[in-house]
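Dear colleague,

I am handing over the structure below, together with the notes I made while going through it. Please read them with the structure open beside you.

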Amino acid sequence: MKSKKKAEEMSEVTVNHFAEEAPPAGRSKNGYVFQEMELRDEEQEDYGQNSPDTNKDHIYDNESHLSASDTEGPGFGLLNTTRKYVKPMNFQEEVRGRRDLDSFLAQASILLDEKAATLDEVLRRMLAHLVAQGHGSCNVEDVINSLFTDAGGKEINVHLLSETIQGVTSTSTGIHYQQSWLCILANVRTLQRRHVCIARLERPQNWGVNCCEARYVILIIAPPKTKSTKTTIELGRTFATMFSDISFRQKLLEAKTEEEFKQELVFHRQQLSVVKEKPVEEKVDDSDPRKGKPLQCKDFFKAGKGVYDDLRRRLPLYPSDFTDGIIGRDRCLLKYTTTAIFLYIAILLPAIAFGSLNDESTRGEIDVQKTIVGQSIGGVIYALFAGSPLVIPLTTAPLAIFISVIRGICDDYDLDFDAFYACIGLWNSLFLILGGVFNVSLLMKLFKRSTEEIIALFISIAFVGDAVKGTIKIFQHFYHGSTLATTNSTVVLEQINEILEQANNQTPKTFSYHNDTVITSEHTEGHTSVFLPESLVICTRERPILCLLLMLGTLWLGYTLYLIKRSPYLNGKIREVVSDCALPISVVIFSFIGSYLFIDIQLPVFNVHNGPVFRYPPFEKLSGLNALSAVGLGFLLALLIFIDQNIVISLTHVPEHKLLKGTAFHWDLMLTGFINILMSCLGLPWMHAAFPHSSLHARQLAKVEQHVENGHLYTTIVSVKETRLTSLAANILMGLSAFMLPIPLQWIPKPVLYGLFLYIAATSLDGNQMVDRMTLLLKEQTSYPPTHYIRRVPQRKVHYFTGLQMIQLIILCAFGMYPLPYMKMVFPLLMILLVPVRTSLLPRVIEAKYLDILDAQYM
């Protein structure tokens, strides 16, 4: 089934006879240049709809290019360009493809990690390698001349490749070239047989438009007179078809020797040659709420069907969740290690932050230690038994707010917090389990991509809000308020009484107290203000300034290291490791700066209590009416967890991540209910799938390929390792962290935790289409990226849609962040209301066809 899908997605291959025109002034002549005439035509049509003068301007431009001064100048020439579609090689039916590869492997000419940078130099090295191995005798200069359009002429200055094959894909945005490989063809009269040489470059090279990330060069030379099935184009079809598979190119990058390189070629040829039987259609995928037939009421009465289908589909793949990347040729031990370290830090610091928040709101009933232990227990259970192992469960900011509201209700009505908290958690778990049994996750069919992105962006804003609020509290306490030099209240009161008595007996406005100066000021109302001396009051303004620098520094260093994978510095492997470990490196460095280099400045840290970790709730302290009143709160909590859980799973399993093992919405919802039963009975904080940790986890385990298009850098995920080992290891480390309290975990200052929140919020914006469209409001139209919605939707409609999304986001933030506690209780209902707004209200403002394009899952 997977191979069939891959075959359907195989890119088309085009052959180009001559490139179209000379490179513009200032561009190196040693380049491979294509100008995309098809895309230009489409752009003229698109812009022509919005600006009727556009085509007219192009005509004037063309006339100016053909002026007399240009035609009479040096280097001017005429270039003939033709394009021809080449059908990809069918290895199942065409024998020639297998024979071509077998003959190549018999006399393989492979260059690995070629260091040459220019195309001319790479081709010379490849030809020299062919000659050195005795595969043929030819004049290198003659062959080079036959590869380029100038043909060695001194008067013609157009140095472009004569004939190439390159993969192209036709999408809604136009024609997209596969820029990481290039197949170059040439007929050489002095040759007696065909020759093929493959070069893998040490680093991607930019050789002009449509070849900005060249990593592989396939050189095919043959005599001009040969059988029709043995021409350069037929041989080029064979290798171009193989290299058009992005997964195959990624495997070739991992080959360390020529022998491994040849093994990958043979293995891929065998995969393409196997005759695939038509797969039997199964209805198991209907349990995925995002797929299948439209929603019907009877689907909710098929009790247990969704959970059964999830387990039936997922259990056969369970062993591979532990073995993928560990055994076999495609091992990823280093990737797993860096991802586990990243996850550990990304889970630990929010657990400390939210544990500290719960400690303040519940007055020690739920503290940092309980949060860490609960995270470890729940995380290990979820990593072992969940249907979506890349999803990370956490206690989150909305849950922390909900817990603070429960504490307030217990204070208002004199209820036992432990018992009432557990009662609400048990009702919540019951609703979650019933939701899994009766397939309530099918409601996710109603959630469109735009709705999910509004909620995801709200969560990111909530992270920023927590960091900003924590920093404001530090400034209010230490910058504007005064801090006493000692915490001994008895000594402070005695000294203040002495100063007041001395102030009443002294007539001058200033007097001395223990070698310090005391200033007094009289008011018209009859009272006197006394300014305390420096021996009693300490100036602490350096604390909030240092906290601000630590927070922003953690964000800056973490995000800079995260983006290093897109930079040219170091080599690819080191860039990948540094980018994966960006968050741990940033946290360790700025914790060291704050706790050691500025050891004389006392920074705010979280509290640690010495009470028991587990506490069974005293249910006997609640009356029957109290237990019944917890139903409403339990339902609202279940609604909140249901929405967050399913949206996070959906955002983790977006098509761009190319996850192959499927989802298990219903089973994961039920498992979350079982975990929260345990959390409620042990007095630990609740948890559910967390954003953006889950999406970041998938990206950490991804292998990617980058390409440049119209000046924009795009990253394409090749594959993702769907393993349970990384989240399992991270949560086991979380359990060990409970023994690191208070030291050394208390060495992590709170501002570093706030910097972590900002880092998570910043990195979660990648891939959020709503954020991309919001940035369009600040850009000029010529710099818009060539996305599918820009091509197919009028720009005014795009901006209308973005504006309506921003209004929904503002309303969501107003309710979710309003200081009135009881208003936050209705926040889950507000998230549900986003669905009818999208399905019923927005189609009255913007046409449904445009809404469907804007909500499409591809970029």
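A residue is called buried when its relative accessible area is under 20%, exposed when over 50% and partly exposed in between (1.4 Å probe, protein chains only). This is a predicted model, in which local features need pLDDT of at least 70 and side-chain atom pairs count only at pLDDT 80 or more, whereas totals for chains, interfaces and linings use all residues. Residues are numbered from 1 along each chain as its sequence is written, and side-chain values use heavy atoms, with hydrogens and water left out.

Confidence comes first. The mean pLDDT (the predictor's confidence in each residue, from 0 to 100) is 78, and 78% of the residues reach 70 or more. Over residues 1-11 the pLDDT stays under 50, and the model has 15 contacts beyond four places in sequence for them, a contact meaning heavy atoms within 4.5 Å. Residues 18-69 also have pLDDT below 50, with 88 contacts in the model beyond near neighbours in sequence.

As for the overall build, the protein has 32 helices and 17 strands, taken as DSSP runs (helices H or I, at least four residues; strands E, at least two) and numbered from the N terminus. Of its 859 residues, 50% count as buried, and among contacts between residues at least 6 apart in sequence, 77% join residues at least 24 apart.

In helix 11 (residues 305-314), the buried residues are Gly306, Val307, Asp309, Asp310, Arg313 and Arg314. They cover an arc of only 165° around the axis, and therefore lie on the same side of helix 11; the arc is that of the directions from the helix axis to the C-beta atoms. These buried residues pack against helix 12 (320-323), helix 16 (417-437) and helix 23 (665-682).

The largest nonpolar core has 125 residues, of which Ile372, Phe420, Ile455, Trp686 and Leu812 touch the most other members. Such a core is a set of buried Ala, Val, Leu, Ile, Met, Phe, Trp, Tyr and Cys residues joined through side-chain atoms within 4.5 Å. Helix 22 (residues 624-652) gives the most to this core, with 14 residues. Beyond its neighbours within four places in sequence, Ile455 contacts Phe447, Ile643, Asp644, Ile647, Leu812, Met831 and Leu834. A second, separate core of 29 residues includes Met89, Phe91, Tyr216 and Leu272.

Leu201 sits in strand 7 (residues 195-205) and is buried, with a relative accessible area of 0%. Its C-alpha atom is separated by 8.2 Å from that of Leu111, 90 residues away along the chain.

The peptide bond from Phe691 to Pro692 is cis, with omega near 5°, and Pro692 lies in the loop between strand 15 (688-689) and helix 24 (693-700). The bond from Ile743 to Pro744 is also cis, with omega near 10°. Asn439, although not a glycine, has a positive phi of about 60°, and at 4% relative accessibility it counts as buried. Lys658, likewise not a glycine, has a positive phi near 55°, but Lys658 is partly exposed, with a relative accessible area of 35%.

With best regards
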